[in-house]
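Could you open the model in your viewer and keep the selection panel at hand? We will go from stop to stop, selecting as we go.

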Amino acid sequence: MATDTGLQPPQPEAAATQATTDADPSATSRVLRFARKAGVVGAVVSLVVHFVWLVVALFTTWGGGGDGKGPPGPPAEIELAVMTATELATVRAEALDAQTPAVDDLAADQPEVPIEISIDIGEIAISADVSTDTLSASLGAGDVDGASVDTGATGGGTSFFGVEARGNRFVYIVDISGSMSVGGKIEALREELGRSLGQLSDPFKFSVITYNSEATPLTGSSWSSASRARVRRAISDMQEIEPGGGTQPAGAFAFAFNLRPPPDAIYFMTDGEFDPQVAALVRSQNRDPVVPVHCISLVSRSSAPLLQQIADDSDGSYTHIAAAGGGP
């Protein structure tokens with residue numbers, strides 16, 4: 001019969017441990033030393049990690065700034081100075097005045113010098129300043145009746161016996177009948193024609209048609225360019241013409257209306273009477289387009305009604321050039 005002594009049999013694992021301990025009592029001390037060292041190392045590592053985290057947190061929160069006396073306050077407000085455009089312009093002007101040295105106005109001290117433009121063509125000096133006073137002096141201090149006319153054509157313009165016309169192509173129908181040889185009339189015609197042509201230049205075109213008992217296109221049957229050489233040639237040819245014959249302008253108008261392209265303006269000058277049928281002939285030929293005809297009577301008013309009719313039919317003008325004392 002078994003007897004219960006109250007003691008449990010030893011377990012296998014505990015028995016093994018006990019056996020090991022009993023066999024090697026130094027093993028236990030080594031384990032304990034290792035555990036103590038591991039705990040110290042872990043504590044040190046944990047302390048370092050927490051310190052680093054604390055530093056990072058401080059820099060993140062305070063932005064690495066501050067005066068070391070505590071966390072900074074709210075960010076300071078930045079005030080911007082707003083300047084109006086007027087104030088900016090004033091500041092710039094003052095800066096420019098400060099940097100720019102004063103310069104005397106030299107132009108104010110310069111005397112005004114008149115400018116005179118003239119072209120010497122052959123033996124005649126053609127001035128760009130054309131006035132009827134010079135013409136009146138050549139006719140014996142006569143007077144000029146009539147007004148300047150603007151035809152409305154494109155291009156530049158010129159004037160003849162004080163009558164202005166605009167355009168690019170001009171015809172001069174001038175009287176060289178026998179009566180032009182007296183009273184300085186042919187001389188006045190030569191001078192005024194030179195003045196008028198002298199106002200033209202390329203690309204203007206012109207045609208000079210003289211008439212007495214016959215009509216002669218002095219510059220040919222086509223347009224002449226207003227070059228210096230062509231103008232000089234026309235004036236030179238006019239100097240050689242001697243007045244003579246009757247007063248028959250019909251043929252001269254036929255030449256003028258056959259020019260292509262058509263004229264922008266026609267100057268028609270006479271000093272005497274001519275066939276009344278010329279007015280009707282001009283009206284029938286002057287079509288598509290209607291060219292303004294500026295009529296000029298020199299000294300004599302004998303053809304004034306016809307000249308006025310031709311001017312009215314063509315939307316032109318009529319001007320009378322009188323001799324000294326008013327003339328006939």
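**Stop one: helices 9 and 10**

Helix 9 and helix 10 are roughly parallel to each other, where roughly parallel means an angle under 35 degrees, roughly antiparallel one over 145, roughly perpendicular 65 to 115, and oblique the rest. Their axes come within 9 Å and cross at roughly 10°; axes here are lines fitted to C-alpha atoms, for helices over the stretch in contact, with angles running from 0 to 180 degrees between N-to-C directions. Helices (H or I, at least four residues) and strands (E, at least two) are DSSP runs, numbered from the N terminus.

A word on what you are viewing: this is a predicted model, in which local features need pLDDT of at least 70 and side-chain atom pairs count only at pLDDT 80 or more, while totals for chains, interfaces and linings use all residues. Residues are numbered from 1 along each chain as its sequence is written, and side-chain values use heavy atoms, with hydrogens and water left out.

Now select A279, V282 and R283 of helix 9 together with L306, Q309, I310 and D313 of helix 10, which make the contact (heavy atoms within 4.5 Å). These residues divide into four nonpolar, one polar and two charged. Nonpolar covers Ala, Val, Leu, Ile, Met, Phe, Trp, Tyr, Cys and Pro; charged covers Asp, Glu, Lys and Arg; the others, Gly among them, are polar.

**Stop two: around helix 10**

Stay with helix 10 (residues 304-313) and pick A304, L306, L307, I310 and A311, which are buried (under 20% relative accessible area; exposed is over 50%, partly exposed in between, with a 1.4 Å probe and protein chains only). They cover an arc of only 165° around the axis, which puts them on the same side of helix 10; the arc is that of the directions from the helix axis to the C-beta atoms. On the other side of helix 10 you will find P305 and D312 exposed. To see what covers the buried residues, show elements including strand 10 (265-270), helix 9 (277-285), strand 11 (293-298) and strand 12 (317-321). Just after helix 10, D315 takes a positive phi of about 60°.

**Stop three: helix 8 against helix 9**

Next, bring up helix 8 (residues 250-257), which packs with helix 9 at an angle of about 10°, with their axes 10 Å apart. Helix 8 and helix 9 are therefore roughly parallel. Highlight A250, F253, A254 and F257 of helix 8 and V278, L281, V282 and Q285 of helix 9 to see the contact. It divides into seven nonpolar, one polar and no charged residues.

**Stop four: helices 6 and 7**

Helix 6 (residues 185-198) and helix 7 (residues 228-240) pack at an angle of about 175°, their axes 10 Å apart. These two helices are therefore roughly antiparallel to each other. Select I186, L189, R190, L193, G194 and L197 in helix 6, which meet V231, A234, I235, M238 and Q239 in helix 7.

**Stop five: two strand residues**

Which residues does T210 touch? Select T210 in strand 7 (residues 205-211); leaving aside residues up to four places away in sequence, T210 touches V174, I176, A215, T216, M238 and I241. T210 counts as buried, at 3% relative accessibility.

Then move to V171 in strand 6 (residues 169-175), which counts as buried at 0% relative accessibility. V171 and I209 are 38 residues apart in sequence and 7.4 Å apart in space, C-alpha to C-alpha.
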